Amino acid sequence: MPGRSRHPLRALDQKAMELASQDQQLRAALFRFVDVTPACRNLDDLARHLTAYLEEVGERPPPIEAAMRMSGTKPGRAALGAAAAAGVRHMAHRFIVGETPRAALKSIRHLWENGAAVSLDLLGEATVTQVEADRYAERCMDALETLAEAAPRWPDRPALEADSLGPLPRVNLSVKVSALSPLLRPEAPDVGRDDAARRMRPLLARAKELGAHLHIDMESVDTLEATLDLVVDLLDEPEFRDGPSTGVVMQAYLRESPEQLERVVEWARATGRQPPLVVRLVKGAYWDHEVVEARQHGWTPPVFEEKADSDRNFELLTRRLLDAWPHVRPAIASHNLRSVAHALAANRAAGREDRDLELQVLRGLGDDLAAALATHGMRVRIYCPVGDMVAGMAYLVRRLLENTSNESFLGDQQRGVPIEELLAAP
Amino acid sequence: MSFRNEPILELRRAPLRESLLEALRSLDERLPLSVPMLVGGDSASGAGFESTDPGRPQRVVAEAARATEADAAAAVEAAQRGFREWSARPAAERAEVLRRAAARLRERRLELAALQVRECAKPWPEADADVCEAIDFLEYYALEALELDRGRDIVQAPGERNTMRYAPRGVAAVIAPWNFPLAIPCGMTAAALAAGNAAVLKPAEQSPGSAGALVDALHEAGVPADALALLPGFGEVGAALVRDPRVHVIAFTGSAPVGLEIVRASSETPDRQPHVKRVVAEMGGKNCVLVDADADLDEAVPGIVHSAFGYAGQKCSAAARVLVHEAIADTLVERLAGAVEVLRVGQASEFATEVPPVIEREAQERVLRYRDLAGDGVVAAAEPVPDEGWFAPPTLVSGLPEDSPVNREEIFGPLLSVTAVRDLDHAAEVVDSLPFALTGGLFSRSPATVERVAARLPVGNLYVNRGITGAMVGRQPFGGNRRSGIGSKAGGPDYLLQFVEPRVVTENTMRHGIPVE
């Protein structure tokens, strides 16, 4: 696993993020620019959008002022556009492992050799038509085939290939229900669920043949009921009762997450499913969306509004998840050292082996943590998005938001908050 | 006290959906409802006409008494009495009555949503939103009336005291449409009453049931019988109200031809009429959504589809046209086509339904006629649609000439026309050339473009990077310009001014050369 890169561009986007975390207006300008990049027709257009966003920033730091001065002339805009495009591309490469699964194979193998498994995630535009849903399902199928063909040639990494319950697939793909159907509607979850199920069945069947793991991602609360119902219904079908290995996600920022976990664990216990369902515990990535949507409609936000409440709930759910072993396999996905350390300690306290706990991070945000955990022989998996710039933009903006949030662990860590404070109980 | 919108139901929660279905089952057992004519203390029931379920036309939802022109005259006479009583009450007391009516609607909200599902084939989320909007109008105008009652600060000089207050006008005739069967009659009636006028409500003949529930709530809350009459009926009743010289204000929402006829008829001021009538009219639209080359199509496609096809396009705010930059026109049409094909056409009572039947046979025939006019321009439709009920397939057309009636006339149904334009200036010229100016939309990620287009377009409500329907009381005061409407925006701070007349009193405060104040 590579250590901290000395690449000059990395220093540059680190600098951009530092500036962005210090100034909300600048942060907004940066996001709006990254968001519009793939829709810009040429460098001039790109530079015009960039300067228009920067004009709305009240106090502009010197490097930004310099950029604005360049935009006065056409050659200046071309240069600024080129520099900005390179900047966004570089940022995208930090978070996105390749344009296609095939293009990502080299990086994936490299990670594997250095002790980290991956879960591949296919980025895409929103699915609004059946053709787009079909295309996404085809890309998932292609990803499974591509990974399954390459994986046997990877070297042995015993820490990543088995826990005390049995073997773990080398191939691991995360899929999004909202991309598998254009029919997901919050007030009619069954329609989207059935339509997505139609495309999910061949994927499950192929994953079973290939011995691959399929992980169903969780998105916003609007699709929550459809997603959980889909997983439970499909895995109860006779064809899928004994495989493939599958997983779901629990979002600790949801107030209702303890009940959801209860439901999933009860189901796993009752069905005795083998291989056991993997439950990935995350904080949740749609916090702003959930809060704004709820407040606009006059609803109680479905998420904890205090970060410390989410963190506490994360630890509570970690313990419940560990208690549910061996009916489910726990996977703790966090960049918060306190959350990770808590999971490791709780797992050991329960008398389990380290290999019975999976730790997950995001590509581009948790690389250093993954490297450190791998060095200590922990089972670590990196969530690796794949896709082109257009497809990846929504994802990229979410990751940037996370990385520049004043509340995020990573932000605190970068700002040099003392380790005792970072590790304090929430 | 500050205004807060009534929260819509969180329909992503299964128990709430179940509670609505339960309300519908219970309503079905009571159908048909009986809607009386209410004039003064008199209540006349009787099977004058029926409203039916557009999705199952043999189901009778309400049997209503049918008011005549003579009833209209009697209602206005009663309203004159009612006006004296109602306007004499302090503004705070009137506001309290309106707020009690809001509470009454709130208690019955599930049942009232179910009634719209049946009577107007309004799908659940929109039926629920309509009930909330009705509640909002009552609460909002109650607060605004209190504000108005305080009068305005004007310039003072030594030796005189100047006050500016607002007085109600008298009798308001409210002529309402069926497409927001509770919210729109409620808004116009509540505004008239909040400002101290008496009101005579003539609801649309397609939705007497919802109007009956509204008037019940207001009477139960304490509006005197004389101050609020209900005249279920047809066009001749509305026309009689418009002509009546004892009517002071006419609040109308509906089609442009009827609205313009009201403007014409109400301007006749016979000698025995001691005032000039005031008309507040919300009329049609031919609403355009502009899509620039830098738009986020992931947001534009769902926003446009929902704006054009929600409630089968039967909203005056609905999107009728898309004007898209030629650089992305093909991509947008392809994605819109796919999104139209997956629209769920069905009964309003099913939560999955996005496109319900249109209101009546005539509407169905009108939509199909325009669709025929589009000919080869049809690029996508969600078909087939059910045989029973007034269904019209949601349809996307593209590339029609600018002078096609499909591009110029209000269709009021699930038909959306896409036109590629050279740039947004070209798009603005197209908008300018239309006689309407109600709502508009813009998808662009350039701050300069947003500013330029917002300054340029004549529309009353412009929505940027979102759908163009669903105006919220207080947040998006709503109303059009040009031939889309006259008067100020519903649910906004200027609306009540149309129901009052300003009076200024200047008092000399000097006595024998000495200021006595």
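Chain A is divided by its domain assignment into domain 1 (8-93) and domain 2 (97-387), with bounds that come from an automatic or database assignment. Taken over C-alpha atoms, the centres of domain 1 of chain A and domain 2 of chain A are separated by 34 Å. This is a predicted model, in which local features need pLDDT of at least 70 and side-chain atom pairs count only at pLDDT 80 or more, while totals for chains, interfaces and linings use all residues. Residues are numbered from 1 along each chain as its sequence is written, and chains are lettered from A and ligands numbered from 1 in the order in which they are written.

In chain A, eight strands form a closed barrel that runs β1-β4-β5-β6-β7-β8-β9-β10, with parallel pairing; the twist from one strand to the next averages 30°. Here strands (E, at least two residues) and helices (H or I, at least four) are DSSP runs numbered from the N terminus, and two strands pair if DSSP finds at least two bridges between them. Axes are lines fitted to C-alpha atoms, for helices over the stretch in contact, with angles from 0 to 180 degrees between N-to-C directions.

Strand β4 (residues 172-175) of chain A pairs with β5(A) in the parallel sense over four bridges, and L173(A) stands opposite L214(A) in β5(A). Together with helix α9 (residues 189-210) of chain A, β4(A) and β5(A) make a right-handed β-α-β unit, where right-handed says that, with the strands pointing away from the viewer, the path from the first strand over the helix to the second runs clockwise. On its other pairing, β5(A) is joined by three bridges to strand β6 (residues 245-251) of chain A, and the two run parallel. The chain crosses from β5(A) to β6(A) through helix α10 (residues 224-235) of chain A, in a β-α-β crossover that is right-handed.

Is strand β5 (residues 213-216) of chain A covered on one face or on both? Both faces are covered, since H213(A) and H215(A) on one side and L214(A) and I216(A) on the other are all buried, that is, 20 or more other C-beta atoms, placed from the backbone, lie within 10 Å of their own.

In chain B, three strands form an open sheet in the order β1-β5-β4, with mixed pairing. Its edge strands, β1 (33-35) and β4 (49-53) of chain B, each pair on one side only.

Note on methods: A residue is buried if 20 or more other C-beta atoms lie within 10 Å of its own, exposed if 12 or fewer, and partly exposed in between; C-beta atoms are placed from the backbone.
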